[in-house]
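Today I opened a new notebook page to look up salt bridges.

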Amino acid sequence: MSEQTYFVLAALLDGPLHGHAILKRVVELSQDRVKLAVGTLYGALDRLTGSGVIMVEKEEIVNGRKRRYFRITDDGRRLVEEEALRMQQAAAVVTGRTLGATFS
């Protein structure tokens, strides 16, 4: 799973968001490391919707433009939780060896 996908799914864990709110939440959650271009975000949202890990919760028209709110599905929640556990286990391989170690 790419870092961008991981943070998009993480952004939706607290509830449905529209595209611009997802962009802002990804930047916040990643502490400014991940900044998605609008086109990249909507391509990712289309792929994630197509694979069933997110879904469109609702659509509305705001200032003449369609706004879609996305919600993570149970499959998406499972996927991002499994990825978080995988990364935690992978990090433990290194941090378990280096924390507290002294370097000359």
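I took a salt bridge as a side-chain nitrogen of Lys or Arg within 4 Å of a carboxyl oxygen of Asp or Glu. The model is predicted, so I noted that local features need pLDDT of at least 70, side-chain atom pairs count only at pLDDT 80 or more, and totals for chains, interfaces and linings use all residues. Residues are numbered from 1 along each chain as its sequence is written, and side-chain values use heavy atoms, with hydrogens and water left out.

Entry one. I searched the whole structure and got eight salt bridges. In one of them, Glu-3 pairs with Arg-33, with 3.0 Å between the closest N and O atoms. Glu-3 is in helix H1 (residues 3-11) and Arg-33 in the loop between helix H2 (19-29) and helix H3 (38-50), 30 residues apart. For helices (H or I, at least four residues) and strands (E, at least two) I used DSSP runs, numbered from the N terminus.

Entry two. I checked accessibility, with buried under 20% relative accessible area, exposed over 50% and partly exposed in between (1.4 Å probe, protein chains only). Glu-3 is partly exposed at 39%, while Arg-33 is exposed at 54%.

I found Arg-68 and Asp-46 in a salt bridge at 3.7 Å, N to O. Arg-68 sits in strand S3 (residues 65-72) and Asp-46 in helix H3, 22 residues apart.

Arg-71 and Glu-57 form a salt bridge at 2.8 Å, N to O. Arg-71 is in strand S3 and Glu-57 in strand S2 (residues 54-62), so this pair ties together parts 14 residues apart in sequence.
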